[in-house]
Amino acid sequence: MVVFDKPKSLTDAELHYCPGCTHGIIHRLVAEAIDALGIEGKAIGVAPVGCAVMAYNYFACDMVEAAHGRAPAVATGIKRSLPDNIVFTYQGDGDLASIGMAETVHAATRNENITVIFVNNAIYGMTGGQMAPTSLPGQVTQTSPYGRDVKTAGYPVKIAELLSALDGPEFIARVAVNNVKNVRNAKKVIQKAFENQIAGKGFSLVEVISSCPTNWGMTPQNALNWVEEKMIPYYPLGIYKDKSAEKEGEAK
Amino acid sequence: MANKVLMKGNEAIAEAAIRVGCRHYFGYPITPQTELAAYMAKRMPKIGGTFLQAESEIAAINMVYGVAGTGRRVMTSSSSPGVSLKQEGISYIAGSDLPCLIVNVQRGGPGLGGIQPSQSDYFQATKGGGHGDYHLIVLAPSSVQEMADMTSLAFDLADKYLMPAMLLADGTVGQMMEPVVLPEERPVEFTEKEWAVTGTKTARPHHIVNSLYLVPEELEKKNFARYERYAEVEKNEVRYESFMMEDAEYCVVAFGIAARVSKNAVAAARAEGVKVGLIRPITLWPFPKKALAEAADKVKGFLSVELSMGQMIEDVKLAIECRRPVELCRRAGGMIPSPDEVLEGIKKLQGGRA
Amino acid sequence: MTTQILIAGFGGQGILFAGKFLANKGLLEGRQLSWLPSYGPEMRGGTANCSVVLSDQPIGSPIVTKPDVLIAMNLPSLDKYESAVVPGGVIFVDSALIERKVRRNDVKAYYIPATKLAQQNGIPTLANMIMLGKVMRECDFVSYEGIEDAVRTVVSAKHADLFDVNLRAINIGREIE
């Protein structure tokens with residue numbers, strides 16, 4: 001008999017996410033990685049402002065709620081104070097790629113030994129569907145009612161590409177959770193991002209392409225299809241930077 | 001006798017902080033507090049501490065928030081424009097009931113203002129600064145010795161009452177050198193706080209450091225509980241210096257460098273036979289309301305001396321419930337009143353309403 | 001007794017250092033003291049000044065607005081601060097750089113060609129200490145006794161090689177009649 005258990009690193013609190021939202025999957029993947037590595041007792045998570053604002057109720061490890069965009073700075077403080085603990089942030093696109101861009105870039109360039117889970121669903125969910133820094137060109141949102149016009153609103157920010165241009169960070173990857181295959185791969189990559197921290201390698205960020213049926217105005221299935229058809233072509237999946245692997249490659 | 005060393009005020013804060021167990025400093029360059037960061041940059045790496053030049057004041061205060069959540073002593077320092085940027089984080093730290101030390105070596109404002117000494121962040125420091133209902137413990141050093149002593153005191157009070165403390169200094173006290181006896185070296189404290197995030201070791205329920213309460217009843221309850229603590233602070237921690245007040249007919253009220261200048265003026269006035277004294281608030285919050293109210297029973301008038309357009313004067317008037325005239329002697333924008341200007345203010349007060 | 005000293009000149013003339021020397025000397029003598037620099041975007045060639053207060057009582061304001069002693073190392077400083085000196089005060093003028101005389105009759109003035117003497121003695125950066133040597137000859141707010149200790153304190157361990165030249169500069173100033 002196969003029992004579908006909840007990871008130990010998630011609490012019993014009921015998630016508040018909308019039906020069809022993929023935050024639940026991503027929470028689970030993070031918790032599974034923590035369980036698999038046996039680090040729940042050492043883990044300290046930093047929650048963002050955004051849909052995942054109450055992530056501190058869901059992860060069973062110690063948690064800190066940060067101001068909007070500041071999670072990497074807060075995590076820096078925690079990690080500097082407790083270098084033997086495992087510190088991660090869980091942030092959305094408005095939080096990480098807009099208001100918190102400076103904190104993101106500088107934590108990355110310092111190669112701060114933390115793990116960053118970046119959930120990109122191309123919209124501000126919590127406030128009701130405004131244009132995000134990662135909203136696609138032409139995407140209709142509450143604050144881009146005629147579609148994102150790149151002439152006035154600029155282009156989406158490609159975080160994985162942008163950060164991988166820095167010398168600092170250890171590991172930058174982009175994954176998706178729109179189908180089983182991608183979920184399995186995402187799990188592997190997220191776990192790697194934690195393993196890097198345990199090994200003291202430094203800043204590891206996983207961008208997870210996520211969906212928002214509610215604010216995209218789609219059924220959950222259509223939202224997953226939209227991820228496949230629109231999001232992933234604009235935000236290609238893959239490992240963008242892996243300094244250790246590069247070094248091994250050079251050695252060979 | 002303890003060893004006296006000659007130090008700048010900014011450096012005395014840094015050395016005192018280290019001696020009382022602070023091992024984490026986060027900052028961003030700004031005049032006139034630079035020596036503090038430079039001192040930390042030199043010392044922290046040698047004693048296993050953290051010095052980090054953050055990408056912004058906003059990042060720095062949020063790093064402070066992170067360390068504070070782990071229950072370790074932590075501080076940041078800046079000057080006025082930088083402290084404005086920190087207000088977001090300060091509100092979160094206050095809202096999460098965490099201790100930390102913030103140093104503001106004030107300069108003239110508003111805006112980019114100037115770099116010369118000022119006290120025009122009085123409102124910001126004592127009335128909140130950031131959003132929401134909260135207070136900081138605000139200490140106003142007026143000498144290099146007090147820069148050291150109040151650093152130690154600020155950490156202790158912040159820890160005791162679980163709230164951020166601020167040293168509200170100014171460019172003069174930061175830049176000047178005076179002989180100082182530094183606090184005794186204390187062992188770095190690593191006792192686990194019952195609220196800190198240090199990892200559950202899967203042996204206890206998880207701790208959450210947080211200021212978000214979406215249920216208004218809960219948030220109100222939190223605020224009431226916090227203000228009960230504030231009431232304790234107001235009861236126990238008021239500090240001020242009373243100078244020549246025994247027979248005073250007039251009372252000068254001034255803090256920090258303004259109080260130093262005012263002492264010269266008080267001495268000069270006394271030499272001319274004017275019975276004047278000085279009350280120097282050492283804690284700006286909690287404000288020495290009772291001392292001023294009692295002075296109002298005896299004196300004919302007050303003179304608030306400030307390096308601002310007049311901010312503390314409002315608290316003086318409130319403290320004495322406007323029972324006596326309160327006049328203002330002010331310079332702003334980085335200017336400092338001279339003893340003569342203060343003396344003139346005292347004489348005006350003596351001559352009735354100016 | 002309280003002595004208020006103002007040292008003023010160009011940045012790079014060792015104005016703050018001269019003040020630090022007096023402060024350290026005061027500390028070694030167990031006096032109360034304060035040292036306050038002008039600060040800001042000042043650099044070599046800009047203006048610099050330094051307030052030093054020495055006293056037997058706790059010091060009120062560290063800002064010297066009415067100096068008992070003014071050490072003027074350039075003309076703008078003499079122009080700016082001459083009138084501020086208390087009646088009966090003393091003004092020391094680096095006459096190598098300031099051509100004019102002190103205009104007031106109620107103060108005592110000494111003219112020392114310190115910058116020229118410094119150059120002649122191969123210590124071009126130490127006009128400030130030559131001035132102090134003269135100050136110590138004419139005033140008694142700090143004592144000459146224990147001068148070595150004060151120089152040693154103010155010349156940091158890193159620059160211990162500068163001990164001798166600083167001491168020499170002070171003595172050059174002190175010997176000026």
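How many residues of chain B are in contact with chain A, and how many residues of chain A take part? In this predicted model, local features need pLDDT of at least 70 and side-chain atom pairs count only at pLDDT 80 or more, while totals for chains, interfaces and linings use all residues. Residues are numbered from 1 along each chain as its sequence is written, chains are lettered from A in the order in which they are written, and side-chain values use heavy atoms, with hydrogens and water left out.

**View 1. The contact of chain B with chain A.** Here 32 residues of chain B are in contact with 35 residues of chain A, contact meaning heavy atoms within 4.5 Å. The area buried between the two chains is about 2500 Å², of which carbon and sulfur atoms give 61%; buried area is the accessible area (1.4 Å probe) that two parts lose on being put together, summed over both.

View 2. The side chains of Arg204(B) and Asp62(A) meet in a salt bridge, at 2.7 Å from N to O. Strand 2 (residues 62-65) of chain A and strand 9 of chain B pair in the parallel sense over 2 bridges, and Met63(A) stands opposite Ile208(B). Strands are DSSP runs (E, at least two residues) numbered from the N terminus, and two of them pair if DSSP finds at least two bridges between them.

**View 3. The contact of chain B with chain C.** Chain B gives 23 residues to this contact and chain C gives 19 residues. About 1700 Å² is buried between chain B and chain C, with 68% from carbon and sulfur atoms. On the side of chain B, Leu6(B), Met177(B) and Arg260(B) lose the most area to chain C, together 30% of what that side buries. The rule finds 1 salt bridge across this interface: Lys66(C) forms a salt bridge with Asp340(B), the closest N and O atoms being 2.9 Å apart.

**View 4. Strand 1 of chain C and its partners.** Strand 1 (residues 2-10) of chain C is mostly covered, with 7 of its 9 residues buried, that is, under 20% relative accessible area (1.4 Å probe, protein chains only). With strand 3 (residues 47-55) of chain C, strand 1 pairs in the antiparallel sense over 9 bridges, and Phe10(C) stands opposite Thr47(C). Strand 1 and strand 4 (residues 69-72) of chain C run parallel, joined by 4 bridges, and Leu6(C) stands opposite Leu70(C).

How values were computed. Salt bridge = Lys/Arg side-chain N within 4 Å of Asp/Glu carboxyl O. Buried < 20%, exposed > 50% of the residue type's maximum accessible area, 1.4 Å probe, protein only.
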